[in-house]
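Please work through each task before reading its solution.

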Amino acid sequence: MAAKEKKSSSAKYKIVITVGDEGAIIVCVDGTNMVKRLFVPSPSDEEFTAFFKLFPDAPVYILVDVVDQAYTQHTMPPVSPFNIKKLVKRKLEKDFSENDLTSAIPLGREKSGRRDWNYLFISVRNVAPFSDWIDAAAELPNKFAGVYLLPVEMMEFLKDLKKIVFIEKGQKESEWQMIVSHNKVGGFRQIVFKNGKLVFTRISQPIGGQTPDVVAGNIEQETLNTIEYIRRLGFDDEKGLDVFVIAAAEVKDMLEENSAIYGKPLFLTPYEIASQLGLKGAATENDRFSDVVVSSYFITHKKHLLKLGTDYTNKIEQLSMVSTTLRGIAALIVCFAIFLAANSFISTFDTRDKIKNTKLIKERSEQKLKELEEFKVQFDKDPGKVKDIASMDGILSRNKMEPLELVAKYASVNNFTTSVKRINISNDRSSVKETNSLTANLDVVFSNKENESIDKLLDKIDSFTNAVKSKLENYEVSFSGLPDENQLTVLGGGEEATNAPQNITLKAEIKTTGKKK
Amino acid sequence: MKIAVIKKKLIKDGIMSIGAAIIATSIYYYVGSFEENIKKELRLLSRDESMVTSSLINSQKEYEEASNAFTALNNVKEHRLPTAEGYDSAASRIRAARPLIEKFKKKYEFTNLNVTFSGIEEDKNDEYKVASLKVMGNEMSVEFQGMSDELIFAFIYSVIEEFPGYVQLKEMNIERNKTISDSLIKKINDTATLIPTVSGRMVFTWKTLKGEPLTTIEKEDKNEQS
């Protein structure tokens, strides 16, 4: 029947084999949906291998619910956190058989006294039929994902259960909790937690048949027995105990009607659990056992608390890890190389564009250069010589007409009442130094032909000198001081001057200012 | 048994992974080499382009300089252009100056005009250092008596403009000896003689360019050079 089913090649499936003393429940999930479940009494059963052929890529987990697992609390001396692990390891090696699967869960330190360490030592005897299941699972072509213990993993289950029962309803939880589940492969699994941590577990087989009243009676009795056990671990009635019983609907009804279980027990069916935890298809209303629900919860839950393995399974996992790592590294190299190659390839387009542009620029430059060379050929004289001549002409022609220009500018101011009797020009403009190098000295004679008054004549002289200064604004122009009134008097014949003299001589000096014009 | 299977798978995975890595790396190497070759081509091309651009800039500069020089040369008067001798001897200067002096003496009605030359020397002023030319210079002293200051200034202008090379007035001293009056003009008209009213002295610096004269370059040679 299984062989007829279509093989799934998707890697999104996960499989858990919950191994008990009566056989194993195999559950395959896809996300949070249970897609297939199977009970097999022995790993040699044909249905066992057929199941895995349907999901060849699904990793396989083993969840242990056998009788042969021991949980014992140990108090360790208050060594440093670094050394406690070594101490625990040594003690595990000493206390348990080499073939056993062993581990320890820290339960915290004592709050008073020496502050000793508390550990829960765990061991699972690796003997048949349990070892047969591990061997069979390890030999499957599927990836082996490790061995996990149902009581340990139920700590996570308890958290979600408490959320549903207490937190959402706003009720206060007790310090102690107990889960009693009726499992097909193990029997009545009882797990006790203190402050959410596993402290005790036991399993017992049903006695007297599987009828609801017998099962309910068994549950009541085993629960009372367990409570007696945990009293030795420090439980007392004042601290309170929350009891969760997961059993078939008929059993639940009977227990709810008349239960002798301690405190306020909560009875749940597998179907109710699956519905509340969102495990689709993990249980039907008629399901009597909780294995499938617990298995589905474990396999869909992301966090797993304690992973165990034999030397053989560890080696298989190591090799699988090497293979995965190798493929990962190769994939990384391939991706990186492809990324670089793609990057380089894209970069070539940019480079090609640059080449194209550069070629264009080069061609244009070459063309211009050619045109210029052709132009230069058209010059019929040596450009070097021409440049020298032009340069020298510029230098030697500089300011050559300046003395005449100065005279011409002066002459433009002359108003026929003055005449220049003498001009002396000294010009060093031909030298490199140009500052104050051109000087003209003029003797200017004013003729008073119209016998004007002194005041009028002086006004005319002022007007004339101002006009000369204005015209020759780029030169320094200075006139000798006019004769004073006494001289004018003398010039006028020794009497108080009423008329101006006939001629008055001024000395003018005109110089370049040193500023370039 | 499973370990053997896993090991076999591991070897297979290893071979495939290494193969894939080698192939991918080879692809990258090939593409990378291809890219490097293209970049190399770009570098070479950029270098060439840079050289061509540099040549172009130099050539443009040369062209502009030459073009400006030729434009400037058009403004240089022919009698200022360099000559092979560059009037580097007193004899050559006197030969050049004599006809001009005679011409100006008549034109500007000098009653007396004496010109003397100083020795000729190369002017080694830093400003005059060019590759193909030398500047030869001397001073020219002129003592004169003339009819009017205006004629004297016209004379100066003509000397500056018409003498070969470059002439500049260095010193000038003009004195008016007589005032032009109606009676003086009447006397000139009556006697038909020139009566000087101004006299003086002036000194010119006279510089000429000595160098190989400009000749037209043979186009064929130029073409060959280019």
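**Exercise 1.** Determine how many residues of chain A are in contact with chain B, and which elements supply them.

*Solution.* Step 1: 72 residues of chain A are in contact with 76 residues of chain B, contact being defined by C-beta atoms, placed from the backbone, that lie within 7 Å. The model is predicted: local features need pLDDT of at least 70 and side-chain atom pairs pLDDT 80 or more, whereas totals for chains, interfaces and linings use all residues. Residues are numbered from 1 along each chain as its sequence is written, and chains are lettered from A and ligands numbered from 1 in the order written.

Step 1: At least two residues each come from α3 (130-139), α9 (311-378), α10 (383-396), α11 (402-413) and β14 (418-427) of chain A; helices (H or I, at least four residues) and strands (E, at least two) are DSSP runs, numbered from the N terminus.

Step 2: The most is given by α9(A), with 36 residues.

**Exercise 2.** Identify the strand of chain B that is joined to β14(A).

*Solution.* Step 1: β14(A) runs antiparallel to β4 (residues 166-176) of chain B, with 5 bridges between them; pairing requires at least two DSSP bridges.

Step 1: Within β4(B), Ile174(B) stands opposite Ile423(A).

**Exercise 3.** Give the strand order of the open sheet of 3 strands in chain A.

*Solution.* Step 1: The order is β5-β7-β6, with antiparallel pairing.

Step 1: β5 (69-76) and β6 (101-109) of chain A are the edge strands, each pairing on one side only.

Step 2: β6(A) is joined by 8 bridges to β7 (residues 117-124) of chain A, where Ile122(A) is the bridge partner of Ser103(A).

Notes. Contact = placed C-beta atoms within 7 Å.
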